[in-house]
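Here is a quick tour of one chain, written for someone who likes to know the cut-offs behind the words. Have the model open as you read.

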Amino acid sequence: MLIDMAEHPPLGAARRKAVADRMTEDAERVPGVMLGCALVVQSAPSRGGVTAINWIAQPKYRFIAFGDRQEARNWLVQILEHHGVALR
């Protein structure tokens, strides 16, 4: 999954916790579906927010912040190929 939040302000603590809670709920509801998540953010505080979400949710998949959409996309393609997902 690619989430582009480059134009959004950093998430506050309550929203970071809500994201982490949802990630945990989704992992329990549909285990093994998510292979990786790339979040495009521009600022250091936003990247720090991604770290905080990882600490809270502790997802079984990689959840990584990128500063560039193409870099995030390239990483996701590698993840999908690694898992044998057919791409067009």
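## Ground rules

This is a predicted model, so to speak of a local feature takes pLDDT of at least 70, and side-chain atom pairs count only at pLDDT 80 or more, while totals for chains, interfaces and linings use all residues. Residues are numbered from 1 along each chain as its sequence is written, and side-chain values use heavy atoms, with hydrogens and water left out.

## Overall fold

The chain has three helices and three strands, counted as DSSP runs (helices are H or I with at least four residues, strands are E with at least two, numbered from the N terminus). Starting at the N terminus, the order reads β-α-β-α-β-α. The radius of gyration is 13 Å, close to the 12 Å from the globule rule for 88 residues, so the chain is as compact as a globular protein of that length. That radius is taken over C-alpha atoms, and the rule is 2.2 Å times the number of residues to the power 0.38.

Along the principal axes, the C-alpha trace spans about 35 × 30 × 15 Å. Of the 88 residues, 26% are buried; buried means under 20% relative accessible area, exposed means over 50%, and partly exposed is in between (1.4 Å probe, protein chains only). As for contacts (heavy atoms within 4.5 Å), take those between residues at least 6 apart in sequence: 81% of them join residues at least 24 apart.

## The largest pocket

How big is the volume of the largest pocket? It comes to about 650 Å³. The search runs on a 1 Å grid over the protein atoms alone, and a pocket is an open set of points with protein on both sides within 12 Å along at least five of seven lines, whereas a cavity is a set where a 1.4 Å probe fits but cannot get out. Grid points are joined across faces, edges and corners, and the volume is the space filled by probe spheres set on the points.

Lining residues have an atom within 4 Å of a point. The largest pocket has 34 of them, with Val19, Met23, Pro59, Tyr61 and Phe63 nearest its centre. Helix H1 (13-29), strand E2 (36-40) and helix H2 (44-57) each give the lining at least two residues, and H1 has the largest share with eight. By class, the lining splits into 23 nonpolar, six polar and five charged residues. Here Ala, Val, Leu, Ile, Met, Phe, Trp, Tyr, Cys and Pro count as nonpolar, Asp, Glu, Lys and Arg as charged, and the others, Gly among them, as polar.

## One aromatic pair

Which rings pair up? A search of the whole structure turns up one aromatic pair. Phe66 and Trp75 are the partners, tilted at 45 degrees between the planes and 5.6 Å centre to centre. For the record, rings of Phe, Tyr and Trp (its six-membered ring) pair if their centres lie within 6.5 Å; planes under 30 degrees apart are stacked, over 60 edge-to-face, and the rest tilted. Phe66 counts as buried at 9% relative accessibility, and so does Trp75 at 11%.

## Pro10 and Ser46

Pro10 sits in the loop between strand E1 (2-4) and H1 and is partly exposed at 43% relative accessibility. Leaving aside neighbours within four places in sequence, Pro10 is in contact with Ser43, Pro45 and Ser46.

Ser46 belongs to helix H2 and is buried, at 11% relative accessibility.

Leu80 lies in helix H3 (residues 69-82) and counts as partly exposed at 26%. Beyond four places in sequence, Leu80 contacts Leu35, Val85 and Leu87. Leu80 and Leu35 are 45 residues apart along the chain, yet their C-alpha atoms are separated by 7.4 Å.

Gln58 is in the loop between H2 and strand E3 (62-66), exposed with a relative accessible area of 61%. Phi of Gln58 is near 45 degrees, a positive value in a residue other than glycine. Most residues other than glycine have a negative phi.
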